[in-house]
2 protein chains.
Amino acid sequence: MVSKLENAMEGLIEVFHTYSSKEGDKYKLSKAELKSLLQGELGDFLSASKDPMVVEKIMSDLDENRDGEVDFQEFVVLVAALTVACNEFFVESMKN
Amino acid sequence: MVSKLENAMEGLIEVFHTYSSKEGDKYKLSKAELKSLLQGELGDFLSASKDPMVVEKIMSDLDENRDGEVDFQEFVVLVAALTVACNEFFVESMKN
């Protein structure tokens with residue numbers, strides 16, 4: 001049986017490849033694919049930001065090797081940072 | 001509706017707190033809690049390693065601030081590294 005943690009890890013891999021396989025390098029997210037992933041998977045997060053440049057800024061922050069694409073490792077850094085932020089919010093709300 | 005990515009992020013937070021709340025600091029994993037998490041959630045991974053010190057080594061690697069406990073941010077670093085390794089395995093098997 002697959003554990004909850006294995007399930008979560010598998011989910012991250014599946015989400016990435018669902019979007020990365022759409023065009024160009026099948027194993028990397030182009031800017032259009034990243035935008036589509038953020039809108040499809042984190043729509044509430046995106047719409048909470050009033051900044052029209054938010055996708056460009058995320059792309060620029062994530063694309064450490066400056067090849068104009070986001071690979072899986074760069075994607076996991078984003079997810080890790082977002083999850084740590086969500087956890088802090090959750091812990092604070094539990095403490096209050 | 002919760003997206004697959006949000007679901008995975010929520011899963012990571014839930015797994016951590018399921019184990020971290022068992023004893024001592026409710027928001028950190030003690031060594032016993034980490035061992036219990038690794039055995040309960042990544043049993044196949046642990047049993048694949050023949051090293052009886054594997055839990056001690058993981059604890060020592062993760063516990064960046066040397067307080068003998070693993071906080072959520074330290075835990076996410078482990079999950080991110082494992083997920084990147086799983087993804088590389090998956091991508092290689094897709095290419096072959």
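Across the interface of chain B and chain A, the rule finds two salt bridges, a salt bridge being a side-chain nitrogen of Lys or Arg within 4 Å of a carboxyl oxygen of Asp or Glu. The model is predicted, and local features therefore need pLDDT of at least 70, side-chain atom pairs count only at pLDDT 80 or more, and totals for chains, interfaces and linings use all residues. Residues are numbered from 1 along each chain as its sequence is written, chains are lettered from A and ligands numbered from 1 in the order in which they are written, and side-chain values use heavy atoms, with hydrogens and water left out.

In one of these bridges B:Lys4 is paired with A:Glu14, the closest N and O atoms being 2.4 Å apart. B:Glu14 likewise forms a salt bridge with A:Lys4, with the closest N and O atoms 2.4 Å apart; this pair crosses between chains, from helix H1 of chain B to helix H1 (residues 4–20) of chain A, where helices are DSSP runs (H or I, at least four residues) numbered from the N terminus. B:Glu14 is partly exposed, with a relative accessible area of 32%, and A:Lys4 is also partly exposed, at 43%; on this scale buried means under 20% relative accessible area, exposed over 50%, and partly exposed in between (1.4 Å probe, protein chains only).

The contact (heavy atoms within 4.5 Å) takes 33 residues from chain B and 33 residues from chain A. The size of an interface is often given as the accessible area lost when the parts come together. The area buried between chain B and chain A, which is the accessible area (1.4 Å probe) lost on putting the two together, summed over both, is about 3000 Å², and carbon and sulfur atoms give 76% of this area. B:Leu5, B:Met9 and B:Tyr27 supply 21% of the area that chain B buries against chain A, more than any other three residues.

Between chain B and chain A, 10 residue pairs are in polar contact, both residues being at pLDDT 80 or more; a polar contact is a pair of N or O atoms within 3.5 Å, where within protein one must be able to donate a hydrogen and the other to accept it, and residues adjacent in sequence count only if both atoms are side-chain atoms. On the side of chain B that touches chain A, helix H1 (4–20), helix H2 (31–41) and helix H5 (72–95) of chain B each supply at least two residues, and the largest share, 15 residues, comes from H5(B).

Over all chains, a search of the whole structure finds four salt bridges. Among them, the side chains of A:Lys28 and A:Asp67 meet at 3.1 Å, N to O. This pair links distant parts of the chain, with A:Lys28 in the loop between H1 and helix H2 (31–41) of chain A and A:Asp67 in the loop between helix H4 (54–62) and helix H5 (72–95) of chain A, 39 residues apart. A salt bridge also joins the side chains of B:Lys28 and B:Asp67 (3.1 Å, N to O).

Chain B can be laid on chain A with an RMSD of 0.0 Å by a turn of 180 degrees and a shift of 0.0 Å along the axis, which is the relation of a two-fold axis; the copies are superposed by least squares on the C-alpha atoms of residues with pLDDT of at least 70 in both. In chain B, the C-alpha nearest the axis belongs to B:Ala8, 2.1 Å from it. Because 100% of the interface residues of chain B are also interface residues in chain A, the copies meet through the same surface.
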